[in-house]
Amino acid sequence: MAATNGSLTAWAGPWGVSFAINLTPDKTTGIGEWSEENFIQMARTGKHQGQPNGRDILPPMPWFNMKDLTDADLKAMWAYLKSLPPVKNQVPLPILPLAAAAAAAPK
Ligand code: HEM
């Protein structure tokens, strides 16, 4: 079960609230500082930025549907994302379930 907003960028469910990442190559708010290897390992492992000790990527990001793609396919996706014009758009950090429940509770 999940609820989302009109632009499908914020998702609420048992994991709290997650926000779709800025996939443009902006250096401070997007993937401008990521390496191709970060992207490939993100898809293969489901860990944030593909870091071995990174947090688990939250739903509904379907990384497990990308994990069996070939390196060539993931590299092609990465090349496409890097070709986009950078957009400065700071996406909020995920909100954990208790914090989300407290924010939604009647005052
Ligand atoms: C080819 C399609 C997609 C690509 C290339 C893509 C790429 C990414 C990347 C690189 C991240 C950052 C993961 C990280 O923290 O390391 C991300 C996060 C996220 N994506 Fe996707 N995504 C795709 C499809 C989708 C779809 C279909 C949805 C929703 C139905 C979605 C929802 C999200 C959400 C909510 C996050 C934030 C997850 C978190 O904070 O842990 N993505 N995506």
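The legends below describe close-up views of a predicted model.

**View 1. The two domains of the protein.** The protein is divided into domain 1 (1-20 + 91-107) and domain 2 (21-89). Between the C-alpha centres of domain 1 and domain 2 the distance is 21 Å.

**View 2. The contact of domain 1 with domain 2.** On the domain 1 side, eight residues take part, and they are in contact with six residues of domain 2. The side of domain 1 that touches domain 2 consists of six nonpolar and two polar residues, with no charged ones.

**View 3. The shell around the ligand.** The ligand is surrounded by 16 residues. Ser18, Ile21, His48, Leu58 and Met61 are the closest. By class, 13 residues of the shell are nonpolar and three are polar, while none is charged. Both domains contribute to the shell around the ligand: at least three residues come from domain 1 (1-20 + 91-107) and at least three from domain 2 (21-89).

**View 4. The packing of helices H1 and H2.** Helix H1 spans residues 36-45 and helix H2 spans residues 71-83. The two helices pack at an angle of about 125 degrees, and their axes are 10 Å apart. H1 is therefore oblique to H2. The crossing in which H1 passes H2 is right-handed.

**View 5. Residues where H1 meets H2.** H1 contributes Glu36, Phe39, Ile40 and Ala43. These residues meet Asp71, Leu74, Lys75 and Trp78 in H2. Five residues of the contact of H1 with H2 are nonpolar and three are charged, and there are no polar ones.

Terms used: Residues numbered from 1 in each chain as written. Predicted model: local features only at pLDDT ≥ 70, side-chain atom pairs only at ≥ 80, totals over all residues. Axes fitted to C-alpha atoms, helices over the stretch in contact; angles between N-to-C directions. Helix = DSSP H or I, 4+ residues; strand = E, 2+ residues; numbered from the N terminus. Parallel < 35°, antiparallel > 145°, perpendicular 65-115°, else oblique. Left-handed = near helix turned anticlockwise from the far one by under 90°. Contact = placed C-beta atoms within 7 Å. Nonpolar A, V, L, I, M, F, W, Y, C, P; charged D, E, K, R; others polar. Near = placed C-beta within 6 Å. Domains from an automatic or database assignment.
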